[in-house]
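Biologist: Please take a close look at a single part of this model, the ligand site, and go through it residue by residue. Give the cut-off for each term as you go.

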Amino acid sequence: MRGKTTVYNILKMKKTLKKYLDENRYEHTQGVMYTSAALAMRYGADIEKAEVAGLLHDCAKCIPDAKKVKLCLKNQILMTETEQKNPFLLHAKVGAYIARAKYGVEDEEILSAIACHTTGKPDMSLLDKIVYIADYIEPMRSKAPNLADVRKLAFEDIDVTLFKILSDTLAYLRNSPKNLDSMTMRAYEYYKQQFLE
Ligand code: FE
Ligand code: FE
């Protein structure tokens, strides 16, 4: 049983989420939830917020692209040119919208972590970093280069890990530049500058 101080009904959220995600995506989501919680323990972030953000980060992933675009237009969610051309990128922003509208999440930190989990952004909060990294390293992931090293590093130095993932993602996306959102580039440049200081 969870303690009395919890704010969110995670069990109820899981039940709803299960209806909107396919099996693999749901499993991935659980992995991100537990990995986010573990990173929150390591770095002293709010564990429950990390769980909720991890659990809901892909809540819009299985919405058809056309519907995602529609939801953006209807709710004044700004789309970049890259997002319009690659609507799958929109699942992060639309996810934040749905987390609020459907799951009742009002916490701006959680909503921000959901909204930026695909591209990262400059000056990310601790929770933003946790969810971004957890999405990359959760146990079901297998494709990224040097995953074992990144997983270990994630529990040693969160900022070095963040920069490593941003660099690796950018290197990977250089092969398919049309899928590269300018926000990933901005995030990378921001953290590169930080590391050079
Ligand atoms: Fe995602
Ligand atoms: Fe994900």
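Modeller: Helices (H or I, at least four residues) and strands (E, at least two) are DSSP runs, numbered from the N terminus. This is a predicted model, in which local features need pLDDT of at least 70 and side-chain atom pairs count only at pLDDT 80 or more, while totals for chains, interfaces and linings use all residues. Residues are numbered from 1 along each chain as its sequence is written, chains are lettered from A and ligands numbered from 1 in the order in which they are written, and side-chain values use heavy atoms, without hydrogens and water.

Donors here are N, O and S atoms within 2.8 Å of the metal (3.2 Å for Na, K and Ca); water is not among the atoms, so sites may look incomplete. Buried means under 20% relative accessible area, exposed over 50%, and partly exposed in between (1.4 Å probe, protein chains only).

H91 belongs to helix α6 (residues 91–101), where it is buried along with A92, V94, G95, A96, I98 and A99. These buried residues pack against α3 (47–56), α4 (65–74) and α7 (108–115), a contact being heavy atoms within 4.5 Å.

The iron ion (ligand 2) is held by H28 (NE2), H57 (NE2), D58 (OD) and D135 (OD), at 2.2 to 2.3 Å. The angles among its four donor atoms run from 80 to 169°, and the site is irregular. Four donors count as tetrahedral if all angles lie between 85 and 135 degrees; four count as square planar and six as octahedral if opposite donors are over 155 degrees apart and all others between 65 and 115; anything else is irregular. D58 bridges this iron ion (ligand 2) and the iron ion (ligand 1), with 3.3 Å between the two. H28 lies in helix α2 (residues 23–43) and H57 in the loop between α3 and α4, so the pair joins parts 29 residues apart in sequence. Both H28 and H57 are buried.

The loop between α7 and α8 (126–137) also holds D123, a residue other than glycine with a positive phi near 55°. D123 counts as exposed because its relative accessibility is 56%.
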